[in-house]
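Subject: Structure for you to look at

Hi,

Here is the structure I promised you. Please open it first, then read my notes below.

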Amino acid sequence: MFDYLANPTRFLKIASIVEPLAWAVFAISCSVGLYLAFFASPADYQQGETVRIMYIHVPAAWMALFGYLMMAVAAFFFLVWKHPLADIGARAMALPGSGFALITLVTGSFWGKPMWGTWWVWDARLTSMLILFFLYIGYIALADGFDRRDRGSKSASVLLLVGVINLPIIKFSVDWWNTLHQGASVMRMDGPSIDASMLTPLLLMALAMKAWFIAVTLMRMRALLTERRVDTMTARIQGGADA
Amino acid sequence: MLEFLAMGGYAAYVWPSWLTGVALIVGITLFSRRKLARAQQKLTQLTTLSEQERETHG
């Protein structure tokens, strides 16, 4: 039980350096990215100005997948090595990760209506992204749904690992099935097919969102560590009062 | 400026998208900051309380 008290000190030291750095990277990449996205990149020859939605939709989608993958890795570490920081990490990433999934779905909808003529379609890409969002929500509900926290942590971790199969399904959905959603234009075997004038703001916004994710996750981990210390102290005080 | 806001006629789709993104990112940031602040406040209170306990019962 007191094992984890040793590690958090080291973690907090690392966080005190990485967290402000992540905010700085976010601020810079986001400002430059937004400027390029709205002012210094062209409209699309087919999609017109709706292409500006890409600069929030695509990075958010990448981050939704990345977040889930990181949570699944943390869940693996927690289940196999019982590392308490791993459980805290997974719990901390859930809210920002689910936020990205929701942003992906909503912005995608707003992009689909003018371009495809529909707010939604049950194609493989959209459906599997919706399932990803449900998995995030399921994780959050399970993690805090038990009287004993470790029961919640264990079942939620199992859910994360079971759901990992969804990640390659999302990624390859546009290749394996006939989808309304377009195919890959960035992560392709023969390189990106997207023009540099659009790729640069896209990658900058992706960097911005990754930096934000790291900063907020570290902040949430600090909060969770503090909450656990509060729980320990409360139990100790109550135990002392009962004695 | 008006031309920029019009987004080539697609304003009704571009701006709500971005507003949703900004709202969620800002919202989650503020929510997380509050979570940390509340926890730290509680820890300070409990630390003071437990020190008092130790003084009176120690």
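Start with one term. Buried area is the accessible area, taken with a 1.4 Å probe, that two parts lose on being put together, summed over both. Keep in mind that this is a predicted model.

Now the interface. Chain B and chain A bury about 3200 Å² between them. Of that area, 84% lies on carbon and sulfur atoms. Chain A brings 39 residues to the contact, and chain B brings 30 residues.

What about charges? The count between the two chains is 1 salt bridge. Which side chains meet in it? They are Glu227(A) and Lys35(B), at 3.2 Å from N to O. There are also 4 residue pairs in polar contact across the interface of chain B and chain A, with both residues at pLDDT 80 or more.

Look next at the side of chain B that touches chain A. Helix 2 of chain B, residues 11-57, supplies the largest share of that side, with 26 residues. By type, the residues on that side of chain B are 18 nonpolar, 9 polar and 3 charged.

Finally, turn to chain A. A nonpolar patch sits on the surface there, with about 630 Å² of accessible area together. The patch is formed by Leu69(A), Val73(A), Phe76(A), Phe77(A), Val80(A), Trp81(A) and Leu161(A). Which helix gives the most to the patch? Helix 2 of chain A, residues 54-81, does, with 6 residues. Leu161(A) is found in helix 5 of chain A, residues 149-163.

Best wishes

Key: Residues are numbered from 1 along each chain as its sequence is written. Chains are lettered from A and ligands numbered from 1 in the order in which they are written. This is a predicted model: local features need pLDDT of at least 70, side-chain atom pairs count only at pLDDT 80 or more; totals for chains, interfaces and linings use all residues. Side-chain values use heavy atoms; hydrogens and water are left out. Contact means heavy atoms within 4.5 Å. A salt bridge is a side-chain nitrogen of Lys or Arg within 4 Å of a carboxyl oxygen of Asp or Glu. A polar contact is a pair of N or O atoms within 3.5 Å; within protein, one must be able to donate a hydrogen and the other to accept it, and residues adjacent in sequence count only if both atoms are side-chain atoms. Helices (H or I, at least four residues) and strands (E, at least two) are DSSP runs, numbered from the N terminus. Ala, Val, Leu, Ile, Met, Phe, Trp, Tyr, Cys and Pro count as nonpolar, Asp, Glu, Lys and Arg as charged, and the others, Gly among them, as polar. Patches are made of residues with over 30% relative accessible area and no salt bridge: like charges are joined within 9 Å, nonpolar side chains (Val, Leu, Ile, Met, Phe, Trp, Tyr) within 5 Å. Accessible areas come from the Shrake-Rupley method with a 1.4 Å probe; for residues, only the protein chains shown count as cover.
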